[in-house]
Amino acid sequence: MTQMEKAKFGELCQYAPGRLWFARYVNSQRVNNKRVPEQIFFRLVQYLAVCLFECNEAEDFSPAKTLMNMCFTFYCDILTISTSPSCLSYNTLLPDAFSLPTLTGRSSGVLVCNPGVLVCNPGVLVCNPGVLVCNPGVLVCNQMPGPSGDKSFLYMFLRDQPIWQSLRFWNAAFFDAVQCERSRRPMPTNSAANDTMTDDRNFQENITFGQLGTFACNMRAFGLSRELCVEFLRKQSTIANLSEEQVKLLRENVDKMRDS
């Protein structure tokens, strides 16, 4: 993509149809391959960072929820990466970084305009093509890649996105996820037998319980505090009228997850 095309992408992400199209397109690529080359991986980090920021600014949570799922879908087998000064530009990893002055024309809170300087904020963009954002001499400060062959998922590089700190996002995303699951099963009619109605209630309850467990894991993976996760669980479990035993299991699961 040319610099003009990338600038156009940033502009389109300022509008709801553009954000929705991008989220749906990335989601559609899951069927091809969840493992991507390093060049594609870091470009995805850049594009998702732009779109997620715009989603947060506009409180457009539907595409953000899709992109959140993509953060735990696409990965790269990052091999041993040198942290010597000679590797600070990483032209082979990010050959086509965004040109920030023409990207959005405004301060986004996630863009860094300091050519040649590495800053501790994985997943944000820089105005110097080919520079990844981190501490001097360190590729990723929040999550260093593991031994050769380990999987590095997109979420490891996008933890600092402001939208993850919004409970409004998590509440909206959870509601949307539950509704999507419920839509896959026909609702029983008033004339249905009692056993059918009971089975449906159990089905709905299991959906809520399972989604709450998944969302709590995602929240902790993005580095959210235990207190925020527990508050989210408390609110949603009360709305769903989950049993005390189910709520206890969810809280115990959160407690087992260490802080990122």
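How many salt bridges does the count come to in this model? The count comes to 6 salt bridges, and since the model is a predicted one, the tour below describes computed geometry throughout.

**First selection: Arg 19 and Asp 60**

Select Arg 19 and Asp 60 and display their side chains, which form a salt bridge whose closest N and O atoms are 2.9 Å apart. The pair links distant parts of the chain, with Arg 19 in helix α2 (residues 16-28) and Asp 60 in the loop between α3 (38-58) and α4 (61-71), 41 residues apart.

**Next: Glu 59 and Arg 168**

Move to Glu 59, whose side chain meets that of Arg 168 in a salt bridge with an N to O distance of 3.0 Å. Arg 168 belongs to helix α5 (residues 167-182) while Glu 59 sits in the loop between α3 and α4, so this pair ties together parts that are 109 residues apart in sequence. Colouring by accessibility will show Arg 168 as exposed, with a relative accessible area of 54%, whereas Glu 59 counts as partly exposed at 43%.

**Then: helix α7**

Select residues 226-240, which make up helix α7, and pick out Glu 231 and Arg 234, 3 residues apart and thus separated by about one turn of the helix. Their side chains meet in a salt bridge, at 2.8 Å from N to O. Glu 231 counts as partly exposed at 34% relative accessibility, and Arg 234 is likewise partly exposed, with a relative accessible area of 39%. Staying in helix α7, select Ser 237, which is buried, with a relative accessible area of 6%. Leaving aside residues up to four places away in sequence, Ser 237 touches Leu 212, Leu 242 and Val 247.

Which residues of helix α1 (residues 3-12) are buried? Lys 6, Ala 7, Phe 9 and Gly 10 are buried there; they lie on the same side of α1, because the arc that they cover around the axis is only 150°.

**The α3 and α4 pair**

Show α3 and α4 together: they pack at an angle of about 145°, with their axes 10 Å apart, and α3 passes α4 in a left-handed crossing. To view the contact itself, select Leu 48, Cys 51, Leu 52 and Cys 55 in α3, which meet Pro 63, Ala 64, Leu 67 and Cys 71 in α4.

Nonpolar side chains tend to be buried together in soluble globular proteins. In this model the largest nonpolar core has 54 residues, and those that touch the most other members are Leu 48, Leu 154, Trp 164, Phe 169 and Trp 170. Each of α2, α3, α4, α5, α6 (194-221), α7 and α8 (244-256) supplies at least two residues of this core, and α3 gives the most, with 11 residues.

Terms used: Residues are numbered from 1 along each chain as its sequence is written. This is a predicted model: local features need pLDDT of at least 70, side-chain atom pairs count only at pLDDT 80 or more; totals for chains, interfaces and linings use all residues. Side-chain values use heavy atoms; hydrogens and water are left out. A salt bridge is a side-chain nitrogen of Lys or Arg within 4 Å of a carboxyl oxygen of Asp or Glu. Helices (H or I, at least four residues) and strands (E, at least two) are DSSP runs, numbered from the N terminus. Buried means under 20% relative accessible area, exposed over 50%, partly exposed in between (1.4 Å probe, protein chains only). The arc is that of the directions from the helix axis to the C-beta atoms. A nonpolar core is a set of buried Ala, Val, Leu, Ile, Met, Phe, Trp, Tyr and Cys residues joined through side-chain atoms within 4.5 Å. Contact means heavy atoms within 4.5 Å. Axes are lines fitted to C-alpha atoms, for helices over the stretch in contact, and angles run from 0 to 180 degrees between N-to-C directions. A crossing is left-handed if the near helix is turned anticlockwise from the far one by less than a right angle, and right-handed if clockwise.
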